[in-house]
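Visitor: Please take a close look at one part of this model. I would like the geometry spelled out, with cut-offs.

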Amino acid sequence: MNKRIIIAGGGTGGHIFPAVAIAGALERQAPDTELLFVGAKGKMEMEKIPQAGYRIEGIDIAGFSRSSLLKNAGLPFKLIRSFFQVNRILRSFRPDAVIGVGGYSSFPLLRAAQAKGIPSFIHESNSFAGKSNILLGKKADRIFVASDGMEKFFPANRIIVTGNPVRSAIVNSRIDRGDAIRFFGLDPDKPTVLSTGGSLGAKGINEAVVAHLDDWRQANIQLIWQTGKPFAARASAAVQGRADIWTGDFIPKMETAFAAADVVISRSGAMSIAELCVVAKPVVFVPFPFAAEDHQTANARNLVDKGAALMVKDSEAKDKLVSTAIALVKDGAMRQQLKTNISRLAVTDAADRIAKEILTLIGKK
């Protein structure tokens with residue numbers, strides 16, 4: 001009998017792309033599985049999930065705003081409405097299991113499913129678990145985590161260390177560097193740096209890059225610059241007439257951008273790190289300084305200590321980031337050392353392991 005599975009979550013690429021990777025693995029292992037995604041209305045999953053070929057339903061849910069208390073006025077009503085919406089979805093779809101990958105929609109969907117006795121699974125990508133996942137973990141059948149030491153957040157007997165799922169398009173990419181560079185309209189004969197702040201962009205990285213645009217030209221280095229929507233217009237205006245810089249708010253085919261890059265500038269979220277380990281690129285990390293428990297700095301420091309990456313603090317990025325990246329481009333021996341060491345940390349089968357465990361468990365129900 002065909003299995004029906006709901007995958008809930010989103011908000012950022014760090015939640016969306018692991019979800020897509022898990023969905024792909026479920027389809028490979030059980031092609032008759034029927035999948036439905038549930039996301040938050042107005043968030044990027046409502047656009048990106050259909051682009052990946054999956055059906056999604058949106059619910060009215062939002063997170064707590066620390067910047068504007070007025071924005072929180074309607075939060076209790078949205079939360080109540082979301083529970084009615086997820087119960088309607090559960091009644092109509094009748095899932096055999098639900099999977100939460102983080103993001104606003106995960107909590108009401110999994111909470112309602114657990115109340116109905118539907119098997120529930122969590123994927124926690126970070127080394128510091130979010131409050132919603134900690135609550136959901138008390139009743140989850142399995143909690144899939146990226147690293148050891150998560151017993152302080154979840155019941156030890158239900159934790160499985162799988163690593164973080166990376167999209168199959170990245171894991172299986174065989175794109176030629178020259179073809180990838182030409183895809184962005186750039187010159188394959190020039191060294192190329194990819195600057196990415198994640199799916200929503202990174203202000204600290206963007207401000208550093210825009211402050212030193214002439215430095216790239218003087219060093220004869222070209223740039224693929226993924227800015228996120230908030231910085232896109234400013235970046236586009238700043239590089240007008242520059243044939244050596246591609247800029248855009250989002251890169252749908254990150255496997256192509258990775259293939260083009262000789263050096264990468266990136267935040268150090270868990271999923272960014274997982275992907276960079278798989279593609280084995282020399283990277284300069286700029287940790288987001290306001291992440292919970294400063295876990296992005298801990299993530300980056302872990303790789304730096306293994307000789308697998310360089311790191312520049314966000315507070316120092318404007319002065320040091322571009323010069324650090326340029327120096328790395330020009331140091332072939334350092335780039336090779338970083339590539340070798342980061343490649344040893346790659347995990348390519350996390351999605352398949354997660355899918356196998358879910359299908360095995362619900363097959364016993």
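Guide: Helix 12 and helix 13 are roughly parallel to each other, because their angle falls in the class under 35 degrees. In this predicted model, local features need pLDDT of at least 70, side-chain atom pairs count only at pLDDT 80 or more, and totals for chains, interfaces and linings use all residues. Residues are numbered from 1 along each chain as its sequence is written, and side-chain values use heavy atoms, with hydrogens and water left out.

Helix 12 spans residues 270-279 and helix 13 spans residues 295-305. Helices here are DSSP runs of H or I with at least four residues; strands are runs of E with at least two, and both are numbered from the N terminus. Two packed helices are described by the angle between their axes and the distance between the axes. The axes of helix 12 and helix 13 cross at roughly 25°. They come within 10 Å. Each axis is a line fitted to C-alpha atoms over the stretch in contact, and angles run from 0 to 180 degrees between N-to-C directions.

The crossing of helix 12 and helix 13 is right-handed. That is, the near helix is turned clockwise from the far one by less than a right angle.

Now the residues at the contact. Helix 12 brings Ala270, Ile273 and Cys277. Helix 13 meets them with Asn299, Ala300 and Leu303. Contact means heavy atoms within 4.5 Å.

Note on methods:
Parallel < 35°, antiparallel > 145°, perpendicular 65-115°, else oblique.
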